[in-house]
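Morning, everyone. Please have a look at the model on the screen, and then I will walk you through it.

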Amino acid sequence: MDGLNVVLALLGLAAAGLGVQALTTGRTPGARVTEPALIRRWGLAHLLFAVFFLLQVVGYLGVRLSYFSSIVRGVLLLVALTAGVIALVKYSPWSRPRRPHNGQDRTDPA
């Protein structure tokens, strides 16, 4: 499990770095995303992915080094899972914001 935690920690740090870079510079690596709203979503998604990875590592190491109990680890894992789900569902870089169908700007039928 130690090797897995090293990989998760590296993924978390890399995702955090990408998220911070996107939010501070307003650009994404490779310049695939150019709209400011999508850049913010991309940055937030990567920061939430970083939280997902790093909380798992903190939970495992906290129990292994006897800093806290397995109940605290369970709470950390639930928070990590919540951050991961939010990153995938709301801020996912693969999903686009919903736009009105057929070019309609209004939601009322009139």
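This is a predicted model: local features need pLDDT of at least 70, side-chain atom pairs count only at pLDDT 80 or more; totals for chains, interfaces and linings use all residues.

Start with helix 1, residues 2–25. Helix 1 has 24 residues. From its first C-alpha to its last, helix 1 reaches 34 Å, close to the 34 Å expected at 1.5 Å a residue. Which of its residues are buried? Asn5, Leu8, Gly12, Ala15, Gly19 and Ala22. Those buried residues pack against helix 2, residues 36–64. Just after helix 1 comes Gly26, with a positive phi of about 80°.

Now helix 2. It has 29 residues, which at 1.5 Å a residue should span 42 Å. The end C-alpha atoms of helix 2 are 42 Å apart, so the two values agree.

On to the core. The largest nonpolar core has eight residues in all. Its members are Leu8, Ala15, Ala45, Phe49, Ala50, Phe53, Val57 and Ala87. Helix 1 and helix 2 each supply at least two residues of this core. Which helix gives the most? Helix 2, with five residues.

Take Ala15 as a close-up. Ala15 is one of the buried residues of helix 1, and it belongs to that core. Leave aside its neighbours within four places in sequence. Ala15 is then in contact with His46, Leu47, Phe49 and Ala50. Of these, Phe49 and Ala50 are also core members.

Next, the packing of helix 2 and helix 3. Two packed helices are described by the angle between their axes and the distance between the axes. Helix 3 covers residues 70–89. Helix 2 and helix 3 pack at an angle of about 165°. Their axes are 8 Å apart. Angles over 145 degrees count as roughly antiparallel, and helix 2 and helix 3 are therefore roughly antiparallel to each other. Their crossing is left-handed. On the helix 2 side, the contact residues include Ala45, Phe49, Phe52, Leu55 and Tyr60. On the helix 3 side, they include Arg73, Leu77, Ala80, Gly84 and Ala87.

Last, the loop between helix 2 and helix 3, where Ser66 lies. Ser66 has a positive phi of about 60°, although it is not a glycine. Is Ser66 buried or exposed? Exposed, with a relative accessible area of 64%.

That is the tour. Over to you for discussion.

Key. Residues are numbered from 1 along each chain as its sequence is written. Side-chain values use heavy atoms; hydrogens and water are left out. Helices (H or I, at least four residues) and strands (E, at least two) are DSSP runs, numbered from the N terminus. The expected span of a helix is 1.5 Å times one less than its number of residues. Buried means under 20% relative accessible area, exposed over 50%, partly exposed in between (1.4 Å probe, protein chains only). Contact means heavy atoms within 4.5 Å. A nonpolar core is a set of buried Ala, Val, Leu, Ile, Met, Phe, Trp, Tyr and Cys residues joined through side-chain atoms within 4.5 Å. Axes are lines fitted to C-alpha atoms, for helices over the stretch in contact, and angles run from 0 to 180 degrees between N-to-C directions. Angles under 35 degrees count as roughly parallel, over 145 as roughly antiparallel, 65 to 115 as roughly perpendicular and the rest as oblique. A crossing is left-handed if the near helix is turned anticlockwise from the far one by less than a right angle, and right-handed if clockwise.
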